[in-house]
Amino acid sequence: MEAHKKLTIGLFGFGVVGEGLYKVLQQTPSLKASIKKVCIKNPEKKRNAPAELFTTDKNILLNDPEINVIVEVINESEPAFEIVSAALKNGKDVVSASKKMIAEHLPELLGLQKQTGNSFLYEAAACASIPVIRNLEEYYDNDLLHSMKAIVNGSTNFILTKMFEDKIDFQQALLLAQQLGFAESDPSLDVEGYDAVNKWTFLLTHAYGIVESPENIVFNGIQDVQGSDAVVATEKHFDIKLVAQAKKLQNGFVAAFVLPQFVKHDDHLAFVKSEYNGVVIESGFADKQFFYGKGAGSFPTASAVLSDLSALRYQYKYEYKKLYHHIPQKLTNDFYVKAYVSFDDWLYIPKDRFEWIEEWHAESDRKYLVGVLPFEEIRKNTWWKENNTSLILTPDSIIEDVEIRKLKRKSLELAGII
Ligand code: HSE
C-alpha cells in the first residue's frame, strides 16, 4: 500500500467498539479513512447509522476490491478467525480487537501474516487505549526487558474498585460494568480471568517471543476473592488486583501467570482504578516505566483501532522482533510464589506442599495462612480454587530457585524453629 493511501474500510461488528469506531472516524476526517460497508449478525437491531451501510453477507466486504482494510470487532472468536484469515488471503490488511481469537489462533495468524505479507494489527485487543503492543514491539530489546506487571482487564478492576472502595456488592458492580460496555457478552470471561490470560498470551509474544496457548498459562480470576480477604488486605495496607505478571528469571526462563494479588498502596498498579488498565515495565537501565489508560469501553478501544488504521497508512506491520530476530524466550514453572490462602477448613489445605508457612490464623470461621509454594503445585493442582478457598499472591511474590534455601532458613530462624 503506498504512503497515505486512502483507507476504504469493511467493518465487521457494530457493537460497543464498532459503533465507537464509526463515530470516532466521523470526527477524524484527516485520516482519510471511510467505512464502505458494515457486516452485522442481526439486521433487526436498530442502529445509529444509515441502513444502506449494513449487510449480513460477509462476502460483500471480503470480495470488494475497493475495500483495502477489514476491521474486525465481533464477539465470537471462530467466525472472527475465519473473517481475518479470508481477508488476509484476499490481500487486505486487517485490524482486529478480538483478543480471544488472537490468543487461541496465534500460530496460524503468525503463519498467515508471513504467507500473505499483509498487516494484521490488534493494539485494541490488549489494554484498549494504552499503546502497549507497539511499545513492546518497537522499544524494548529482548535482553533488557526484565519484567512486566499489568492490569489488563478493565471489568474486574472496575468490580474490585466498586466493591472495596464504594462498598457496592459484586453482582451490582458487574451489572454496572455490563451497562457501561466494559464487560464481555459472557462476563464470566472477565470475572474468571479468561480475558486477562488471553491478552497476556500475545503480550508475552511481543515482549519475549513466547508463543504459548492460553491453556498453558496459569490463571485465575476474582471469583474466589471474599470480603474477608479485603479486610486482611486493608489491615496489611494492600489493595487486591487481578495482576498479569511476567519476569525473566536468573535461569534464563520466563515466569508468567495471571492471578489475584495483594498490591502495596505505593505500587503503580494500586493507582489503577475502575476500568483503567496499567502496565509496569522494568527494563535494564531505564528501570521502571508505567503505562496507564482506559482499558475498556467504546471510545478508548476505538482510539486504538484508529491508531492501527493510521499506522496502516505507512505500511506498518508487526515484525515480532523477539520471535524472529532474537532467540525467543521460554516459559518455566520452576520457581516459587509467596501466597495468602484463605479457607473454611484446614481439611482442604495440603499443608505439606508448602515450603514454609510464615503466618497462620485459625481462630475465626474464615481462616488464612501466608506461605511459600512451588509454582508447579499451583499449575498442577486445583485445591487452591476449590471448596471456597481463595489464593492471592503477596507483593514481590516470585521467589527464584536460587533464593529459596536462604529464605527458608531465615523464615525458620524468625519462627524460632532453628
Ligand atoms: N471485557 C474487557 C475488559 C474489554 O473488561 O477489559 C476490553 O478488552
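Predicted model: local features only at pLDDT ≥ 70, side-chain atom pairs only at ≥ 80, totals over all residues.
Biologist: Which residues of helix α11 (residues 227–235) are buried?

Modeller: In helix α11, D229, A230, V232 and A233 are buried. They span an arc of only 160° around the axis, so they sit on the same side of α11. That arc is taken from the directions from the helix axis to the C-beta atoms. Buried means under 20% relative accessible area, exposed means over 50%, and partly exposed is in between (1.4 Å probe, protein chains only). Residues are numbered from 1 along each chain as its sequence is written, and side-chain values use heavy atoms, with hydrogens and water left out.

Biologist: And which exposed residues are on the face of α11 turned away from its buried side?

Modeller: T234 and E235 are the exposed ones there. By the way, helices (H or I, at least four residues) and strands (E, at least two) are DSSP runs, numbered from the N terminus.

Biologist: What about α5, which residues are buried there?

Modeller: For α5, the buried ones are L106, L109, L110, L112 and Q113. Looking down the axis of α5, they fall within an arc of 160°, so they line one face of the helix. The face turned away from that buried side carries the exposed P107, K114 and Q115.

Biologist: Why do residues three or four places apart in an α-helix point the same way?

Modeller: An α-helix has 3.6 residues a turn, so residues three or four places apart point the same way.

Biologist: Okay, new topic. Which residues surround the ligand?

Modeller: The ligand has K99, N153, G154, S155, F182, A183, E184, D190, D195, K199, G295 and A296 around it. A residue counts as near a molecule or strand if one of its heavy atoms lies within 4 Å of it. Two helices, α7 (154–165) and α10 (194–208), each supply at least two residues of that shell.

Biologist: How many nonpolar, polar and charged residues are in the shell around the ligand?

Modeller: Three are nonpolar, four polar and five charged. Here Ala, Val, Leu, Ile, Met, Phe, Trp, Tyr, Cys and Pro count as nonpolar, Asp, Glu, Lys and Arg as charged, and the others, Gly among them, as polar.

Biologist: How far is a polar side-chain atom of K99 from an oxygen atom of the ligand?

Modeller: For K99 that distance is 2.6 Å. A backbone N or O atom of F182 lies 2.7 Å from a nitrogen atom of the ligand. There's also E184, with an N or O atom of its side chain 2.6 Å from a nitrogen atom of the ligand. On its own the ligand has 260 Å² of accessible area, and the protein covers 93% of that. Such areas come from the Shrake-Rupley method with a 1.4 Å probe, and for residues only the protein chains shown count as cover.

Biologist: Where is H105 found?

Modeller: H105 is in the loop between α4 (99–104) and α5 (106–116). Its relative accessible area is 8%, so H105 is buried. The side chain of H105 also makes a polar contact with the side chain of E108, at 2.9 Å. A polar contact is a pair of N or O atoms within 3.5 Å; within protein, one must be able to donate a hydrogen and the other to accept it, and residues adjacent in sequence count only if both atoms are side-chain atoms.

Biologist: What is phi of H237 near?

Modeller: Phi of H237 is near 60°, a positive value in a residue other than glycine. Most residues other than glycine have a negative phi. H237 lies in the loop between α11 and β9 (238–248), and is exposed at 54% relative accessible area. Q315 has a positive phi too, near 55°, and lies in the loop between α12 (298–312) and α13 (321–324).

Biologist: Is E123 buried or exposed?

Modeller: E123 has 2% relative accessibility, so it counts as buried. E123 and A304 are 181 residues apart along the chain, with their C-alpha atoms separated by 5.7 Å.
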